[in-house]
Amino acid sequence: GNEMNKPKPPFSVLRRTAGEVKRYNEYRRIIPIAIGAIISLLAIVYVVSLLFNRYGSFTVRVSNAAGKQYALTLAENDRFTNPSAILNSRAAQDVTNIDGNTLPADLNDVDGSHNGENYVAYTFYLKNAGASECSYRYKLVISRMTAGIDSAARVRIYYSPDYYVADTGAYNRTGHYVDYAKAATGGNGNPEIDPENRVMTNFESANVVLERQADNFRSGDVAKFTVVIWIEGNDPDCTDDRLGGEFKLDMLIEIVNGDE
């Protein structure tokens, strides 16, 4: 049993031939490069799959004046089969960045929620259900924003204030839209310009995309809105730092005055 207690010759395990040392040094050089390549590939996939996680829904609400003669109502179709004071779009989950040029051309032609794989699209209608003509203000507010995602976000608004004119029974189905973005980072307030030379309209302020007033909205008239939200992959701010960012918009519509 004495053999067990004999001390091992020092470093015998670590003795290597010159060939082994050379091979070991080569592996030591190659393996980190290979691992680095794999990690960077994973990082790209990770950005693409998680850049816009938990988008959140888009909400529209009207707040009406006390007087019965003024009343605004919302619906997801122009027949107002299910009128409401509040509408909620379905959330698009796990949205990644896209090129705005790839958005479909028919975004203003589908009612209600019609999200694409990587964008939110919501079409709704506003009706003057009261007895009198009125003016209203509509305000698109950023109600939730994390990870600086707003710097790469884009919002497209299709708006037809005179979609249906009750007096004449005429429909106006124009497809005009405006694209909004936060002013270019470090650009002294200049707008973002997406390829190819699509000039964005600046967000009104830090948490308001736009705020406008519409007048001469008569009893029975209908306005149409389509709101599209996406993350612009061409924006220099569209980086890993935006991972898991959240972006939620709310449209607030209120009567500002009425004519007796």
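Is Arg79 buried or exposed? Arg79 is exposed, because its relative accessible area is 59%, where exposed means over 50%, buried under 20% and partly exposed in between (1.4 Å probe, protein chains only).

The model described here is predicted, so that local features need pLDDT of at least 70 and side-chain atom pairs count only at pLDDT 80 or more, while totals for chains, interfaces and linings use all residues. Residues are numbered from 1 along each chain as its sequence is written, and side-chain values use heavy atoms, with hydrogens and water left out.

The chain contains one helix and 15 strands, which are DSSP runs numbered from the N terminus (helices H or I, at least four residues; strands E, at least two). Of its 260 residues, 40% are buried.

Strand β2 (residues 72-75) is covered on both faces, with Leu72 and Leu74 buried on one side and Thr73 and Ala75 buried on the other. In a regular strand the side chains alternate between the two faces of the sheet. β2 pairs with strand β5 (residues 120-128) in the antiparallel sense over four bridges, pairing being assigned if DSSP finds at least two bridges between two strands. Within this pairing, Thr73 stands opposite Lys127 in β5.

The chain has 13 salt bridges, each defined as a side-chain nitrogen of Lys or Arg within 4 Å of a carboxyl oxygen of Asp or Glu. Three of them are listed here.

| Salt bridge | N to O distance |
|---|---|
| Arg79 and Asp78 | 3.8 Å |
| Arg218 and Glu133 | 3.3 Å |
| Arg198 and Asp179 | 3.8 Å |

The side chains of Arg218 and Glu133 meet in a salt bridge. This pair links distant parts of the chain, since Arg218 is in the loop between β13 (208-217) and β14 (222-231) and Glu133 is in the loop between β5 and β6 (134-145), 85 residues apart. Arg218 is partly exposed, with a relative accessible area of 40%.

Arg198 forms a salt bridge with Asp179. Arg198 belongs to strand β11 (residues 198-199) and Asp179 to strand β9 (residues 177-181), so the pair ties together parts that are 19 residues apart in sequence. Both Arg198 and Asp179 are buried, and a network of salt bridges links Arg156, Asp179, Arg198 and Glu232.

A disulfide is a covalent bond between the sulfur atoms of two cysteines. The whole structure has zero disulfides, the criterion being a pair of cysteine sulfur atoms within 2.5 Å. Cys134 counts as buried because its relative accessibility is 2%, and Cys238 also counts as buried, at 18%.
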